[in-house]
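Visitor: Could you walk me through this structure feature by feature? I would like the general idea each time, and then the case at hand.
Guide: Gladly; let us look at it together.

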Amino acid sequence: MKVNVIRSRMALKGITQGNLAKLLGISRNTMSSRMTGHSSFTLEEVRRLCEILEISDDEKRQIFLP
């Protein structure tokens, strides 16, 4: 996962990691674990994250697929 793309999109949208966690319905600790690669986003979390950050399907493939 290319977390730097997610972080830059968060910055552009003015969304903090804590805010994004709330919007996804997960805890801040869970969000941190996802962002550091210690655990994986669920498919529903990926869908919502891309919706919130306005990430296209092409970008989604580049971010989440190896």
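Visitor: Which residues have the most contacts inside the largest nonpolar core?
Guide: In soluble globular proteins, nonpolar side chains tend to be buried together. A nonpolar core here is a set of buried Ala, Val, Leu, Ile, Met, Phe, Trp, Tyr and Cys residues joined through side-chain atoms within 4.5 Å. Buried means under 20% relative accessible area, exposed means over 50%, and partly exposed lies in between, with a 1.4 Å probe and protein chains only. In this predicted model, the largest core has 17 residues, and those with the most contacts inside it are Ile6, Leu20, Leu24, Met31, Phe41, Leu49 and Leu53.

Visitor: Before we go on, what should I know about the numbering and the model?
Guide: Residues are numbered from 1 along each chain as its sequence is written, and side-chain values use heavy atoms, with hydrogens and water left out. The model is predicted, so local features need pLDDT of at least 70 and side-chain atom pairs count only at pLDDT 80 or more, while totals for chains, interfaces and linings use all residues.

Visitor: What is leucine 49 in contact with, leaving aside its neighbours within four places in sequence?
Guide: Contact means heavy atoms within 4.5 Å. With those neighbours set aside, leucine 49 touches Ile6, Leu20, Leu24, Phe41, Ile55 and Phe64.

Visitor: Now the charged side chains. How many salt bridges does a search of the whole structure find?
Guide: A salt bridge is a side-chain nitrogen of Lys or Arg within 4 Å of a carboxyl oxygen of Asp or Glu. The search finds 8 of them. One of these joins arginine 47 and glutamate 44, at 2.6 Å from N to O. The two are 3 residues apart in helix H4 (residues 43-52), so about one helical turn separates them. Arginine 47 counts as partly exposed because its relative accessibility is 38%, and glutamate 44 is partly exposed at 44%.

Visitor: Which residue does glutamate 51 meet in a salt bridge?
Guide: Its partner is arginine 48, again at 2.6 Å from N to O. Because they are 3 residues apart in helix H4, about one helical turn lies between glutamate 51 and arginine 48. Glutamate 51 is partly exposed, with a relative accessible area of 46%, and arginine 48 is partly exposed at 23%.

Visitor: And where do lysine 60 and aspartate 57 lie?
Guide: Both lie in helix H5 (residues 57-64), 3 residues apart, about one turn of the helix. Lysine 60 is partly exposed at 25% relative accessibility, and aspartate 57 is partly exposed at 49%. Elsewhere, salt bridges that share partners join Glu44, Arg47, Arg48 and Glu51 into one network.

Visitor: What is the volume of the largest pocket, and which residues line it?
Guide: Rolling a probe the size of a water molecule over the atoms shows where empty space is left. On a 1 Å grid over the protein atoms alone, a cavity is a set of points where a 1.4 Å probe fits but cannot get out, whereas a pocket is an open set with protein on both sides within 12 Å along at least five of seven lines; lining residues have an atom within 4 Å of a point. Grid points are joined across faces, edges and corners, and a volume is the space filled by probe spheres set on the points. The largest pocket has a volume of about 180 Å³. Its lining is made up of Met1, Arg34, Gly37, Ser39, Ser40, Phe41, Leu43, Val46, Arg47, Lys60 and Phe64. H4 gives the most to this lining, with 3 residues.

Visitor: Is arginine 34 buried or exposed?
Guide: Arginine 34 counts as buried because its relative accessibility is 13%. Arginine 34 is found in helix H3 (residues 28-35).

How values were computed. Helix = DSSP H or I, 4+ residues; strand = E, 2+ residues; numbered from the N terminus.
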